[in-house]
Amino acid sequence: LGKYYDVKPSGYGVVLCSRTLPELAAFFSTKPLLRRFGPYWLLIAGIGLGTVRIAAYAVLPAEPRTWAYASIGIEALKGISAAMSMVGGTRIAHDFAPADCEATAQGFFSGVHNNLSNGIAGLVSWIIIGWAEAAGYANPLR
């Protein structure tokens, strides 16, 4: 945000709050959604919202100040999608776990959801940047 949209460090706090507050609200409101739609649809909706978030960043023009705070709305999707994915996924893990292993299954899902995906994303990004540099494209991160 700082490099492309000229957002000051204090603006990062606003963006992070725009993710956290909707996430808290979503966590408190997912129980009726879980009852109505079930864990599978909640997980699918969370993944879908996460995909919409990434697509929004992909098409967002890199124009300083004009689009900088559009990220507030986009990051709200991150919080909501995270809550829906976690609630749906941990419920599925709980339902499939053997007796007395439900909490372990929920923790395993949480670890895979939060950490494995970040690790794979970092690895794939590193490979893509390497290919782009080998093809002669300048790395905008340097």
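Good morning. Please note that this is a predicted model, in which local features need pLDDT of at least 70 and side-chain atom pairs count only at pLDDT 80 or more, while totals for chains, interfaces and linings use all residues. Residues are numbered from 1 along each chain as its sequence is written, and side-chain values use heavy atoms, with hydrogens and water left out.

I begin with helix H2, residues 9-59. Helices here are DSSP runs of H or I with at least four residues, strands are runs of E with at least two, and both are numbered from the N terminus. A straight helix of 51 residues would span 75 Å at 1.5 Å a residue; the expected span is 1.5 Å times one less than the number of residues. Between its end C-alpha atoms, however, H2 spans only 24 Å.

Where does H2 bend? The bend is at Gly38 and amounts to about 110°, with a proline, Pro39, following within four residues. The bend at a residue is the angle between axes fitted to the seven residues ending there and the seven starting there.

Gly38 and Pro39 are also among the buried residues of H2, which include Leu42, Leu43, Gly46 and Arg53. Buried means under 20% relative accessible area, exposed means over 50%, and partly exposed lies in between, with a 1.4 Å probe and protein chains only. The buried residues of H2 pack against helix H3 (70-96) and helix H4 (102-134).

The largest nonpolar core has seven residues: Leu43, Met86, Ile92, Ala93, Ala97, Ala105 and Phe109. Such a core is a set of buried Ala, Val, Leu, Ile, Met, Phe, Trp, Tyr and Cys residues joined through side-chain atoms within 4.5 Å. H3 gives the most to this core, with three residues. Leaving aside neighbours within four places in sequence, Ala105 is in contact (heavy atoms within 4.5 Å) with Ala93 and Ala97.

Ser85, in helix H3, counts as buried because its relative accessibility is 4%. Not counting residues up to four places away in sequence, Ser85 touches Leu42, Leu43, Gly46, Ile47, Thr90, Phe109 and His113. A polar atom of the Ser85 side chain lies 2.9 Å from the backbone oxygen of Ser81.

I close with the charged residues. How many salt bridges does the structure hold? It holds three, a salt bridge being a side-chain nitrogen of Lys or Arg within 4 Å of a carboxyl oxygen of Asp or Glu.

Arg19 forms a salt bridge with Glu75, and their closest N and O atoms are 2.7 Å apart. This pair links distant parts of the chain, with Arg19 in helix H2 and Glu75 in helix H3, 56 residues apart. Arg19 is partly exposed at 26% relative accessibility, whereas Glu75 is buried at 3%.

Glu75 also forms a salt bridge with Arg53, with the closest N and O atoms 2.9 Å apart. Here Glu75 in helix H3 and Arg53 in helix H2 are 22 residues apart. Arg53 counts as buried, because its relative accessibility is 14%.

Arg91 is partly exposed at 35%, and so is Asp95 at 46%. Finally, salt bridges that share partners join Arg19, Arg53 and Glu75 into one network.

Methods
A polar contact is a pair of N or O atoms within 3.5 Å; within protein, one must be able to donate a hydrogen and the other to accept it, and residues adjacent in sequence count only if both atoms are side-chain atoms.
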